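Hi,

Here is the structure I promised to pass on.

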Amino acid sequence: MFPQTRLRRLRLTPQIRRLVQETHLNPAQLVWPTFVVEGHNIVEPISSMPGQYRYSVDQLAKEVKKLHEEKIGGILIFGVPTKKDPHASEATKKDSLVAQAIAAVKDAKPDFVVMSDVCLCAYTDHGHCGLVDSKGEIQNDASLEVLVQMALRHAEAGADMIAPSDMLDGRIKVIRKFLDEGGFSMTPIMSYAAKYSSAFYGPFRDAAHSAPNFGDRKSYQLNPTNAKEALREIALDIEEGADIVMVKPALPYLDIIAKAKERFDLPIAAYQVSGEYVMLKEKAAILESLTAIKRAGADIIITYFARQVAEQARQLIHELS
Ligand code: PBG
């Protein structure tokens with residue numbers, strides 16, 4: 001009790017504050033999501049996400065040396081194909097765009113971690129994350145077969161981790177099974193386990209040309225009102241074989257991150273999504289948001305700020321030493 005107890009004692013100097021700091025942003029646990037397009041020599045600014053680009057495979061491979069120097073944890077690749085059809089056939093064909101990108105990045109730096117997003121929304125002409133029938137309803141089980149093929153193409157190309165983001169039922173179970181049977185039993189799955197039907201994905205849908213052209217994603221993504229259901233989704237994905245589970249978006253769902261951290265004993269990832277990215281301008285606010293996500297319990301943060309924050313984190317360390 002005051003006056004004996006004075007919490008300000010441990011806040012008086014930068015050195016003391018550093019000594020008692022509870023949360024650290026580690027660049028090695030930040031993952032940079034990025035977009036790959038067909039063609040050659042393309043580095044195309046994304047108008048809805050200033051500071052982010054779509055890369056052709058050759059240009060993405062060129063970035064890898066820099067990414068390695070920035071010492072971030074890895075990249076998460078999204079394909080933006082030009083051809084879309086009802087079956088998402090560009091996603092599953094041999095030597096698909098993302099498969100090429102994975103192989104090129106691994107070729108440039110074999111020990112740099114490459115994760116790949118597995119979802120059909122950028123590949124279907126209707127923009128939904130699964131196949132749809134003539135009534136426009138999602139065909140859950142038929143979609144799983146396509147997702148499996150997509151995941152296999154990525155694993156064959158050398159992906160270090162597969163990240164299914166479709167939110168259909170049962171996908172982790174079947175992807176795990178087919179990866180195992182296909183000789184990829186050591187390829188981990190980072191599941192977008194608690195992915196909400198969120199208004200914060202707008203800029204990404206523009207970047208990935210993946211907005212649904214009818215309806216919405218509410219029949220598969222979580223209702224933002226629900227927390228228990230998110231924990232059920234996470235528990236199921238763990239049972240089905242997920243190695244890492246993700247909560248997405250991040251800052252509006254810190255409660256879910258914290259609950260997941262408390263309840264489950266595997267690494268928790270959080271995705272700071274495109275809408276969060278565009279709302280943040282000031283460096284200090286970016287760092288504070290990422291720190292909050294970490295403090296809530298995220299081990300890994302997927303963030304478009306990964307690269308610039310890695311640089312800042314290094315500078316901060318220099319300032320104090
Ligand atoms: C695809 C997918 C989305 C995001 C990642 N994977 C969008 C969506 O569900 O429409 C959003 C990422 C972001 O906003 O940064 N299923």
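Strand 1 (residues 30-37) and strand 3 (residues 53-56) run parallel and are joined by three bridges. Here, strands pair if DSSP finds at least two bridges between them, and strands are DSSP runs (E, at least two residues) numbered from the N terminus. Val37 stands opposite Ser56 in strand 3. Strand 3 also pairs with strand 2 (residues 43-45), this time in the antiparallel sense and over three bridges; there, Glu44 has Arg54 of strand 3 as its bridge partner.

Please keep in mind that this is a predicted model: local features need pLDDT of at least 70, side-chain atom pairs count only at pLDDT 80 or more, and totals for chains, interfaces and linings use all residues. Residues are numbered from 1 along each chain as its sequence is written, and side-chain values use heavy atoms, with hydrogens and water left out.

Now to the ligand. It is surrounded by 18 residues (a heavy atom within 4 Å), and the closest are Lys195, Arg205, Lys248, Ser274 and Tyr304. That shell divides into ten nonpolar, three polar and five charged residues, where Ala, Val, Leu, Ile, Met, Phe, Trp, Tyr, Cys and Pro count as nonpolar, Asp, Glu, Lys and Arg as charged, and the others, Gly among them, as polar.

Polar contacts (N or O pairs within 3.5 Å) may interest you too. A ligand oxygen lies 2.5 Å from a side-chain N or O atom of Arg205, and the distance is 2.5 Å for Tyr304 and 2.8 Å for Gln221. The protein covers 100% of the 400 Å² of accessible area that the ligand has on its own (Shrake-Rupley method, 1.4 Å probe).

Best wishes

Terms used: Polar contact = N/O pair within 3.5 Å; in protein donor to acceptor, adjacent residues only side chain to side chain. Helix = DSSP H or I, 4+ residues; strand = E, 2+ residues; numbered from the N terminus.
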